Amino acid sequence: MHVEEKFTPKTWPEAPEKATLEGKNKFLGFWFFLGGETVLFASLFATYLALKDKVPSKAANISSEIFTLPLAFIMTMVLLTSSITSVYAIYHMKNYNFKKMQAWLFVTVALGLTFLGLEIYEFYHYTHEFGFVFSESAFSSAFYSLVGFHGGHVVFGLGWMIALMVRNSKRGLSLYNAPKFYVASLYWHFIDVVWVFIFTVVYLMGMVG
Amino acid sequence: MSSIAQKRGFGATLWDYMTTVDHKKIAILYLAAGGFFFVLGGIEALIIRIQLAIPNSNFVAAGFFNELLTMHGVTMIFFAAMPILIGFMNLIMPLQIGARDVAFPFLNSLGFWLFFFGGLLLNISWFTNGGAPAAGWTSYASLSIHSTGHGIDYYALGIQISGFGTLMGGINFLVTLINMRAPGMTYMRMPMFSWTTFVASALILFAFPPLTVALFLLTFDRMFGGNFFNVTMGGNTIIWEHFFWIFGHPEVYILILPAFGIFSEIFSTFSRKRLFGYSSMVFATVLIGFLGFMVWAHHMFTVGLGNIANAIFAVASFAIAVPTGIKIFNWLFTMWGGSIKFTTPMLYAAAFIPSFIMGGVTGIMVATAPADYQFHDTYFVVAHFHYVIVGGVVLAILAGTHFYWPKAFGTMLNETLGKITFALFLIGFHLTFFIQHFLGLMGMPRRIASYNSGQGLDLGNMISTVGAGLMGIAVIILLYNIVITQVKNVRVGNDPWEDGRTLEWALPSPPPFYNFKQLPLVRGLDTYWLEKMEGNKGITPAEPVGDIHMPNGSILPVFISLGFFIASFGAIYRTVYSWGLAALIIGLVIAFGSMLLRSLKDDHGFHIPKSELMKDDKNKGVKA
């Protein structure tokens, strides 16, 4: 199969993301990249756990004083839903239904932007309400680094998906861009998985531990 | 683009190398840049040794001495040894597995330019008024966050940028080795160097992210008001030590495994025997890679992690001696009964075994936690790690330079000069570092700028300096050898050592840019040797001649790297100069803008038509 080949839903291969050598390489390479990213976030989690509630004085904020579960819960739900919608998008990609794929990607991006907005509100709230800024304590540095790295990944993922949607809006699916959509959705799932751990380790453990 | 040689101007050649995605040209870039940094790190080492040659010396000031020893370590590890080995991986591995290029040619080029600009950034610190980083190559946080000037900032960002490049290289090699092996090239037929590339790449993938995080934390602490290592704000400096060594110990194996690979190829080639115990060699390589992640705390025995932690890490460290021993014996048995030719690469390989074993034995000594309290931070440790790094990695680099020179450049380095280089380097190496064991045992601490006479350290230090001078002369002779070889430009054929066993020797020297006109059919381990023994001229092809798909070159990797380079200056001087913030933003815009451009612009590559391949065949006699 060739990257410039034209397809119909009938001739479209079952695994379009791996139909060409380039696609196969991208698929495997991206999984390896996510392996490296896992170690990166593991290191950030380790830093966070080592520095959790490590503050210079009683006046400085600690986790149980500032976190609120309702906001974290809403953010979790929004992001997890965006993972499902990206699954739908890839389902339609595999069925060679470009329009539906774009539509579900649009929903994914919208949910991602919602999440990002909530996170920006959360950071704004902490800094203005509690004076919980990056340089307040070792704990604040660790918190903003871990959650901020995740937020940075969300921004990058959203930019990536929007670029793909706009770039390909007029020309539909091909074996050249199918792997690109596929790995972008893998990236989005990874961001979700990391958030599940952030919700547990930062917010849930922050309320009880 | 045709493989027919054309005379071109300097500008065109420069542009070609800046935009190339050909793994062989990128390998030459890696070797050249790595070689440059190797000479730089060597000059730093010579100045260190001149300062220490006599007691109470004032050759350099103490502060400058700290910069020298820091930059010597950082340059040699990150910007000399690793890039040169990655250069060999780039040059040889795709040829060995019968691939036309690596899996991600664009990323390959990006990896090189990130490394290059990272090294450039770090070395620019010499010329700034704060000077170079001076907290040691380990840059422990308790020292580094209090360091004045901007040296540590350059350290953090220079290594960060080049680390991204290395990570990409690792992923690239892994995918290449898994997806792009020629028909018949099963995992257990892969040449040893390709296997060690595989394991070293996996180590890069999992060892570099902790370093990335550690450097980010250091960057945040020094430039953006973070408090990770600031104890008065609740921080903890041990976090840096853990991350640094979780990276740092696998890094040792990232360096030594490819070195083992190069020596394995040399031993079997010049013993004219297949590698003894191939499968146990593979097993030992993988096991070393695995255990390499389990031992980082043996660098931290004196931190006070407790007896149980120290005991566990000590035992795990001893365990690594087992697979390494397997390898040593396999090399010895490869030579045993072989019809040995002592060429320059083989001399290095033979000298490597006793040298490396000495480093291994002192390794067991320093891994013994109670004894390590005596050895820690003395010249004994300096002697130990130079025995493994110079006696292992640098000897492999020098051996590989002679061995693979014809594959990269189509000429043979002079053997007589090569043997002189070898003798001088080997004698100089042992003269420099053997005595340092005893200096350490007598109590000379590492990283000191001077010492008093009358402590029994004078003679040993003088001997050590003389040895360093011999190594310096050896490298100068090697450079002279390279120059006269390229000036004479005597072209050689496919298999100039006459005993090549693996696929790279079946190709012309240097190979055409598409490597294989027809992908080869691999019929066993040492497939080229098998074909030669059966009287065949070339390798059995696995496909008819057809159009070949090749990737397009691109200048974007240079721009992405340049963007991060500019942004680094912005981050370093953000609070000092008004242009800092602007430079930070402009740099990031260039970097991410170039990435976006890469994503938006379709790049389908191009095809070399069959007719042109047939024409090449007639002109140059290229055989698959």
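Colleague: What makes a residue of chain B count as buried, and what percentage of the 624 residues are buried?
Modeller: A residue is buried if 20 or more other C-beta atoms, placed from the backbone, lie within 10 Å of its own. Buried residues make up 55% of the 624 in chain B. This is a predicted model: local features need pLDDT of at least 70, side-chain atom pairs count only at pLDDT 80 or more, and totals for chains, interfaces and linings use all residues. Residues are numbered from 1 along each chain as its sequence is written, and chains are lettered from A in the order in which they are written.

Colleague: Why is chain B called as compact as a globular protein of that length?
Modeller: The globule rule is 2.2 Å times the number of residues to the power 0.38, and the radius of gyration is taken over C-alpha atoms. The rule gives 25 Å for 624 residues; chain B has 24 Å, close to that, so it is as compact as a globular protein of that length.

Colleague: Why are α4(A) and α5(A) called roughly antiparallel?
Modeller: Their axes, at residues 98-130 and 138-168, cross at roughly 150 degrees. Axes are lines fitted to C-alpha atoms over the stretch in contact, with angles from 0 to 180 degrees between N-to-C directions. Angles over 145 count as roughly antiparallel. The two helices are therefore roughly antiparallel.

Colleague: What makes residues of chains A and B count as in contact, and how many are?
Modeller: Two residues are in contact if their C-beta atoms, placed from the backbone, lie within 7 Å. 33 residues of chain B are in contact with 31 of chain A. The largest share of the chain B side, 8 residues, comes from α7(B).

How values were computed. Helix = DSSP H or I, 4+ residues; strand = E, 2+ residues; numbered from the N terminus. Parallel < 35°, antiparallel > 145°, perpendicular 65-115°, else oblique. Buried ≥ 20, exposed ≤ 12 C-beta atoms within 10 Å, placed from the backbone.
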